[in-house]
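Try each task before you read its solution.

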Amino acid sequence: MAGCCGNRIDQGAGLATIRVMAIRPFSPTSARRSLGEMPIGEAVVIDRHGLDQLISSLAGRGYRVLGPVVRDQAISIGEVHGTDDLPEGWHDTQAPGTYRLEHGDDPALFAWAVGQDSIKADVFPSRSVVWRATVTEGSVRLEETVDRTPPTALVGARPCELAALGVLDKVLGGAAGGDPLYSRRRAGFVLVAECGTPSGTCFCTSMGTGPAAGEGFDLALSELLDEHGHRFLVRAGSDKGAELLDELSAPPADAGDLEARAAMLEDAASHMGRHLDTDDLPGLLARNLEHWRWDDVASRCLACGNCTLVCPTCFCATVRDTTDVGGGVERERTWASCFDLAHSYLHGGPVRETTRSRYRQWMTHKLSTWWDQFGVSGCVGCGRCITWCPVGIDITEECAAIRAADGERATSA
Amino acid sequence: MKTSFAEPVLQGPGPLVPHVYRVVDRRRETEDVVTLFLEPVEDPGFSFRAGQFNMLTAFGVGEVAISISSAPGVQGPIEHTVRDVGAVTHALCRAAVGTAVGVRGPFGTDWGVEELVDEDAVVVAGGIGLAPLRGAVTHLVDNMARPAAARRPGSRTHEPGRGRGARVVLLVGARSPDQVVFSEDIERWREAGAEVETTVDLADRSWAGHVGVVTTLVASQQLDPARTTALICGPEVMMRFTARSLLEKGIDPDRIRVSLERNMQCGTGLCGHCQLGPLLLCRDGPVVTFGGVVSHLLSERER
Amino acid sequence: MPESIADLVAEHPLLAGLPGDVAALVAGCARNVAIGAGDLLLSEGDEADTLYMLRRGRVALEVRRPGHGALVIETLGPGQVVGWSWLFPPYSWQFDARATEPVGALSVDAACLRAKAEADPAFGYELMKRLASVILDRLQAARVRLLDLYGEGSREGDDRGPRGRETLAR
């Protein structure tokens, strides 16, 4: 049985054209691909109705189901009640400082790459109350704050987003008790949709975070759209996921389906928009702190902080106490950015005063010192920082420039 | 069939929620420095090591990282010496006896003085830097094995049953005589046998100590690098220069400990503000060894 | 047996490690002196004619400010030197130097020293190197004090960030 690989949906004419990239003859060994190896029997095949059933099951179990939706002309994250809410037929074009979403007639639900939203906002809300207190006549009564948000089921997360959750687990869920709000919000459900259509700014393969789903998912699906129909290969990665999947009593995937998935992943891997050479990247950046490239990027960077806003792993937060006239005190935690001038305030002024030092801080933290602090890279290769930078700064390009001139220093400070 | 999931978390006192303490006493050290004596309202208390810090909350104003200035293992209220430099510290410095103060902690790394047995200790404090060192110096002085009269550099009087003792050299720098903190403690330590020298930037004739920078005092000490550990705390520039002076005396950079400071907002490694290169100072510091990455970090601009 | 002036000179950290003939040359201009507590070694405005190599006791460098009495700008002790205004014209002291406790020092005649340095450039160079090192250290220390490190911290700002508006620095 021949399998086809990859789907490349053409727009323009409004017709869905399936371009067959290659025909691979079936053989037991070719069923196992290096990308996301999966033995026959592990995955089942469901159709769109089956996906609707999964979503209903999750809602029925009390989860708040979030997923990709089109909002404000971008793939955003919103409440999902069924597959009708998913971005059917939507396709993105991304480049440094550029994002465009266009609609086609094809039935593909997941033929797009990530937009500006990430699930970070749900497990690590942009504003949360840490505690409340009432202060009267010098006595303080601290009140319990209770997070009553139902757990979230994220349907249609991309592999890079799953990887970002894994990074946040190490940062916010880690030692010294971690963040209790994160730990609670994290106890949800993740259904990953593997990638077939990377965008112009994607580089998950460079970071080892995609296009196949890595560890930590409850369910992972691959959308297949070819002459055998529109279907989804689904496999479980946890007991929670397996339990849900079993309810569907779906037929197992056959070798052809597995082939198609493998081909899709290989095609995606070979069409990444960007590439980041990670060879000794932490060391490269650590020894080039006075490189002239930092001055160069600083002349372009607006220190607007967009990159930190859209980055799925940026976790800096500012803690602030506020009062009301009734003697109430609240400690709130809000997202902060290292690009903010006040971020490094100490003894009357910021330690990192120049844009140069702040850009350097962000990039060296993300790609170098994150390893020292948390044992992993802070970057998952999602490309959001490149797309959403108003002046189109590309960290893969910045790294390449430093690497090409390793050891060169700025002449002036 | 409903999947069970975590019940809403009740956030009582924990790493992020302060315990309520009360100011039971206060002492003005200098014009803008106050020591607060705190006792818990309900908390059973906690144990800490010299060099660690707490996050103190002035309710309605904010929270700030302040080193614990009392000695560990001592009965009584916990002490924090606060300098008035902003809104929160201003409120803390003005806190009258009876005021409620929030306490979270202890956080961070400590001076490690408990392990300095049979080692000479050189402690260099600049300005209010003596506050985070106070507990450490008290411990070192209390555990000196030799009486004061027998203590001379180079002499090793052996006291039967107590092993070879160790020197405690304390060098204190301040802006002017009225800015020297813990004068009574300094005298007490001197009487107990610590070798104490104080220096100020400028003074009038009534000042009996040195005038000049503390690094000059370091240069004039007789030290045995084979058995000397140094503890430094003060403004970062002062610590950098002092460390260099000690290196010039042959002290091993891995035996020089400094207490670093950055903007701290959570104390638990979650908010990202206190980063210094690869270090999260609330978690990997504030006390760090000068050798290795730190000496480079302190020389890098705007890091 | 009491040490000779040459021995005392050679022992002093200023000249430590230099060949014996250098110490001997300096010793030829030197005498051992004792200064009582509270007495002046040198006075601002007077002719600068002596290099003091301190052996014992403490000396305070002072400056007189009307309305403020005498301010001590530096204290010096055993192993250090006082006075270098004798090196160059107008050979005039810039500060007072007062013994704050009984002081023992080597008092070296400056004119004698200058003459020997002119006559023997090799000796003069060694002496200059040592004196320059002392002056460098004092300059560095003075610069550090200019930073007023202990005065850092502002009463104007919040502990976390500047009150009011922030300016965007580039």
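**Exercise 1. Find which residues touch the most other members of the largest nonpolar core.**

Start with the term: a nonpolar core is a set of buried Ala, Val, Leu, Ile, Met, Phe, Trp, Tyr and Cys residues joined through C-beta atoms within 7 Å. A residue is buried if 20 or more other C-beta atoms lie within 10 Å of its own, exposed if 12 or fewer, and partly exposed in between, with C-beta atoms placed from the backbone. The largest core holds 248 residues, and B:V123, B:L170 and C:V26 touch the most other members. Helix α3 (residues 159-172) of chain A contributes most to this core, giving 9 residues.

Before going on, note that this is a predicted model: local features need pLDDT of at least 70, side-chain atom pairs count only at pLDDT 80 or more, and totals for chains, interfaces and linings use all residues. Residues are numbered from 1 along each chain as its sequence is written, while chains are lettered from A and ligands numbered from 1 in the order in which they are written.

Now take B:L170. Two residues are in contact if their C-beta atoms, placed from the backbone, lie within 7 Å. Leaving aside neighbours within four places in sequence, B:L170 is in contact with B:V123, B:V137, B:W189, B:A194, B:E195 and B:V196.

**Exercise 2. Work out how strand β10 (residues 168-174) of chain B is enclosed.**

Helices (H or I, at least four residues) and strands (E, at least two) are DSSP runs, numbered from the N terminus. First, burial: 7 of the 7 residues of β10(B) are buried, so this strand is largely enclosed by the rest of the structure.

Next, the faces. In a regular strand the side chains alternate between the two faces of the sheet. In β10(B), one side has B:V168, B:L170, B:V172 and B:A174, the other has B:V169, B:L171 and B:G173, and all are buried.

Then, the partners. Two strands pair if DSSP finds at least two bridges between them. Strand β7 (residues 120-126) of chain B runs parallel to β10(B), joined by 6 bridges, and B:V124 stands opposite B:L171. Strand β11 (residues 195-200) of chain B is also parallel to β10(B), with 6 bridges; there, B:A174 has B:V200 as its bridge partner. From β10(B) the chain passes through helix α3 (residues 183-191) of chain B to β11(B), a right-handed β-α-β crossover (with the strands pointing away from the viewer, the path from the first strand over the helix to the second runs clockwise).

**Exercise 3. Describe how chain B meets chains C and A.**

Begin with chain C: 32 residues of chain B are in contact with 25 residues of chain C. Elements of chain B that each supply at least two residues to its side include β4 (62-67), α1 (87-93) and α5 (236-248). That side has 14 nonpolar, 12 polar and 6 charged residues (Ala, Val, Leu, Ile, Met, Phe, Trp, Tyr, Cys and Pro count as nonpolar, Asp, Glu, Lys and Arg as charged, and the others, Gly among them, as polar).

Strands take part too: 2 bridges join β12(B) to the antiparallel strand β5 (residues 69-76) of chain C, where B:A203 stands opposite C:V72.

Finally, chain A: the contact takes 41 residues from chain B and 48 residues from chain A. The side of chain B that touches chain A has 17 nonpolar, 16 polar and 8 charged residues.
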